[in-house]
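Biologist: Hi, could you walk me through this model? I'd like to ask about a few spots as we go.
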Amino acid sequence: MKNIYIISALCCVLFVSACDFLDVNPKTQVPADKMFMQEAGFEDALNGCYMKMNSKHLYGKFLTLSGVDFLAGYYDRTTSGTLEHALSNFEFDNSYLKSQIKSTYNEFYNVILQVNDVIVHLDSEQGRNVVKSPEKRNLLMGEALALRAFLHFDILRLFGQVPKNATITVSLPYSEVTGVDARPLYGFDEYLAKVMNDIEDAEELLKEDPCRTYNLNTHVHAEVKDDFYHYRKYRFNYYAVKALKARIYLYIGDRTNAYKEAMSIIDAKNQDGSDYFALAGDNDFNKSYFAMPSETIMGLSNRGLDNNETERLFKNESNAFPMLFSKSRCEMMFYFNTASNNRFSRWWGEVTNATGGLNPYYKKYMQNEGVSDDAVKLDNKWLVPLFRLSEIYLIAMESTDDLAQANALYTEYMRARNVQVEDYFQDLSMVQGETVFEMRIEFMAEGQMFYTYKRTGATDMYFDYSKTITEDNYVVPVPESELK
């Protein structure tokens, strides 16, 4: 438990968060002979990577709660000149947006530099002498390689070209070193091959992950004395690697492998033969666990995500709040069975606005403040999901070639959402449209919808059909400083 939250002073300064990625230099690093003299140094350095991912420029806000969802057209931001308006209208020359993009790009690579430091030193003679247990070495290296693949893939999704029929091509750096000088650029296929090499290596190293013996929702195991083996849901575990592979394969249009990886998660069993995973539903909602922890395959624990921040973003009492979402938009998201759909009834509240009317507000990250136990808060209030089982079901539905299987998966998925359907799809041509629609509902404030539009080549977004989306809208420009 302590390893999730406590990072040594050495780790805290391992890499200073520089304004510009190119400003990072060896003077900001703790000497390797000190940082990695003990096994705990490797653990702390890796934990520091997860902590850095909670930055507001990464998964603490921009890549989940706000920025990327503005690109997906969720919110109605009408005040011109603002960052939110620029995002909603793809105004990539806006000075606020250029600054935000630069910060996000730089922080991506700052985390990757720290991941690489773990990989390089763990693979050194000193690292092999310090971390003597093969099991522990595999776990550390597997997590690090998976993190590197995950971060690079999100760089590709945000800054890279569209995955199909691209006329605008983009080359991006795949960083495998600890310095800033040697960063060769790779085209889409070469870059993706490097992502897959890392993720395949990670899967092999994590094949004995403790989570395959102890369910992810069983966080602490009395018989395991090393804290690093606990709380696997909040680290890159074996099943998160499988989920990342399923996500990547669907993104590039490899339906066969997307289905294979998704079903390997859905069909996973506990040692007693019971299903390893189950879709969340009223059980989580009834506990005010709106981030759906029971079906989270991997997430970040973000203590900075409190109700003050989420209310400021989502509880729209006036136009000063950025996440404007009208009642009509909310109703459009649920074109049938709004009364029974627990996501409609439980994820949304209403607040009186400045003119006395009612505005809907989103409650996914507004958790039960009355909970005082840290272990409980870890499961709900502080959770930012990165992979959920619902996404895996939608991937399996969209990638199967079996109509009966698509219907069976959809029936099970919707039952967890308190909606009864049966044999909904009359043919497979219906499936993608419905899975994309469900992703819009399911992953609001998780930053997935823009990439869904991008991979499908959508020419419009759900709430504004009058705006034609073009290929260049999907390619977020790399900061100018990186092009020199």
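Biologist: Which residues does Asn473 touch, not counting those up to four places away in sequence?
Modeller: Asn473 touches Phe90, Phe92, Phe450 and Thr468, leaving out residues up to four places away in sequence; a contact means heavy atoms within 4.5 Å. Before we go on, this is a predicted model, so local features need pLDDT of at least 70, side-chain atom pairs count only at pLDDT 80 or more, and totals for chains, interfaces and linings use all residues. Residues are numbered from 1 along each chain as its sequence is written, and side-chain values use heavy atoms, with hydrogens and water left out.

Biologist: How far apart are Asn473 and Phe92, in sequence and in space?
Modeller: They are 381 residues apart in sequence, and 8.9 Å apart in space from C-alpha to C-alpha.

Biologist: Where does Asn473 sit, and is Asn473 buried or exposed?
Modeller: Asn473 is in the segment after helix 21 (449–456). Helices here are DSSP runs of H or I with at least four residues, strands are runs of E with at least two, and both are numbered from the N terminus. Asn473 counts as buried, because its relative accessibility is 11%. The cut-offs are under 20% relative accessible area for buried, over 50% for exposed and partly exposed in between, with a 1.4 Å probe and protein chains only.

Biologist: What lies 2.9 Å from a polar side-chain atom of Asn473?
Modeller: The backbone nitrogen of Thr470 does. For a polar contact we want a pair of N or O atoms within 3.5 Å; within protein, one must be able to donate a hydrogen and the other to accept it, and residues adjacent in sequence count only if both atoms are side-chain atoms.

Biologist: Changing topic, which residues of helix 19 are buried?
Modeller: Ala406, Asn407, Leu409, Tyr410, Thr411, Tyr413, Met414 and Ala416 are the buried ones in helix 19.

Biologist: And what do those buried residues pack against?
Modeller: They pack against helix 12 (255–266), helix 13 (282–286), helix 16 (342–346), helix 18 (389–399) and helix 20 (431–442).

Biologist: What happens at the start of helix 19, and what about just after helix 19?
Modeller: At the start, a side-chain oxygen of Asp402 comes within 2.9 Å of the backbone nitrogen of Ala404. Just after helix 19, Asn418 has a positive phi of about 65°.

Biologist: How does the span of helix 19 compare with what it should be?
Modeller: The 14 residues of helix 19 (residues 403–416) should span 20 Å at 1.5 Å a residue, and the end C-alpha atoms are 20 Å apart, which agrees. The expected span is 1.5 Å times one less than the number of residues.

Biologist: OK, helix 12 next. Which of its residues are buried, and what covers them?
Modeller: The buried residues of helix 12 are Ala258, Glu261, Ala262, Met263, Ile265 and Ile266. Their cover includes helix 11 (238–252), strand 3, helix 18 and helix 19.

Biologist: I'm curious about a lysine in helix 11, Lys242. What does Lys242 touch?
Modeller: Apart from residues up to four places away in sequence, Lys242 touches Glu203, Glu261, Ser264 and Ile265. Lys242 counts as buried, because its relative accessibility is 9%.

Biologist: You mentioned strand 3. Why is strand 3 called largely enclosed?
Modeller: Six of the six residues of strand 3 (residues 296–301) are buried, so the strand is largely enclosed by the rest of the structure.

Biologist: Which strand is joined to strand 3, and by how many bridges?
Modeller: Five bridges join strand 3 to strand 6 (residues 383–388), and the two run antiparallel. Strands pair if DSSP finds at least two bridges between them. In strand 6, Val384 is the bridge partner of Leu300.
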